[in-house]
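Let's take a friendly look at charged side chains and how they pair up. The structure comes next, followed by a short report.

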Amino acid sequence: METRVTKMLGIQYPIIQGGMAWVAEHHLAAAVSAAGGLGLIGGANAPGEVVREEIRKAKELTDKPFGVNVMLMSPYADDVAKVVVEEGIQVVTTGAGNPEKYMDLWKSAKIKVIPVVASVALAKRMEKYGADAVVAEGCESGGHIGEATTMTLVPQVKDAVSIPVIAAGGIGDGRGIAASFMLGAEAVQIGTRFVVANESIVHENYKQRIIKAKDIDSAVTGRSHGHPIRGLRNKMTREYLKMEQEGKSFEELEYLTLGSLRRAVQEGDVQEGTVMAGQIAGMIGKEQSCKEIIEEMMAEASALLK
Ligand code: TUI
């Protein structure tokens, strides 16, 4: 399944890993890249120097290319944008905003720039500003999401741009990959399934919460203040949604979630922490290595696309 994306990135399989905050650290990124996909280190809200360390540790684990996701709402986004250039990173994805102001810097460093978009408008704008591909991410995804579903967004983005489109949101097996290709994608971005990978450092409670999740177990918090986040239902999401209904302010809601993703990922507090995950969690049934995940998905997809 060679596509413009596999050729551009020098990867064996058309699979890129989501740049998940707190989850996408060097072990996971290196394992996905070593298995023939494109691993990513998630910059999230981390300072530039922390991201630099992660990049260096990933380089020790694999010779294969890997990328960095720059989370544009981070107060450290400017620093991370420079660190990726200094560390010779060849692929950058961006999320939760418009990366226009970094395009010149990255393009002059010959970095492949792949913004994650949730609308046709941003996809077109990114192409105009020199993006090499876009990830069209539907609202089935975990974490910060837009409004459109993957099924509706991917073909509309495909029709609107000439650069390759990578599908994301709700993809967790070979059927999802095959379906994405039918919609015009030339690769997929996978998040939730890699959260439960053996190489993922998230707390076992977090992995088990995903493994036990059912189809309708996720909820979207933050719609009232324009920053919707999808995660698995728990005490935190119930309280958050109740406070949103009561019209509580952004500050009060923010206070509730301060550090809550870290608490779930590192301490395993899956009741009061934030368990970001996509709607496909209901289909994910076991922990496997990144290599097993990728090879199983590719075998299924290849058989369907024959
Ligand atoms: O970025 C993501 N997913 C994320 S980022 C994240 S960390 C975080 N934590 C707390 C609050 C906010 C973020 C967790 N999950 N996915 C890519 C993505 N980007 N989804 C949607 C968007 C997006 C939305 C609106 C991109 C651009 C945009 O508008 C930009 C503009 O200026 O038009």
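## Arg-223 and its partner

With a relative accessibility of 44%, Arg-223 is partly exposed (between 20% and 50% relative accessible area with a 1.4 Å probe on protein chains only; buried is under 20%, exposed over 50%). Its side chain meets that of Glu-147 in a salt bridge, 3.9 Å from N to O; the term means a side-chain nitrogen of Lys or Arg within 4 Å of a carboxyl oxygen of Asp or Glu. Arg-223 sits in the loop between β10 (218-221) and β11 (229-232) and Glu-147 in the loop between β7 (143-144) and α7, so the pair ties together parts 76 residues apart in sequence. Glu-147 is exposed, at 61%.

This is a predicted model, in which local features need pLDDT of at least 70 and side-chain atom pairs pLDDT 80 or more, while totals for chains, interfaces and linings use all residues. Residues are numbered from 1 along each chain as its sequence is written, and side-chain values use heavy atoms, leaving out hydrogens and water.

## Other salt bridges

The count comes to 20 salt bridges. One of them joins Lys-158 and Glu-186, with the closest N and O atoms 4.0 Å apart. Lys-158 is partly exposed at 29% relative accessible area, whereas Glu-186 is buried at 12%.

## A buried glutamate without a bridge

Glu-244 is buried but has no salt bridge; Arg-223, the nearest side chain of opposite charge, is 8.3 Å away (Lys and Arg count as positive, Asp and Glu as negative; His and the chain ends are not counted).

Notes. Helix = DSSP H or I, 4+ residues; strand = E, 2+ residues; numbered from the N terminus.
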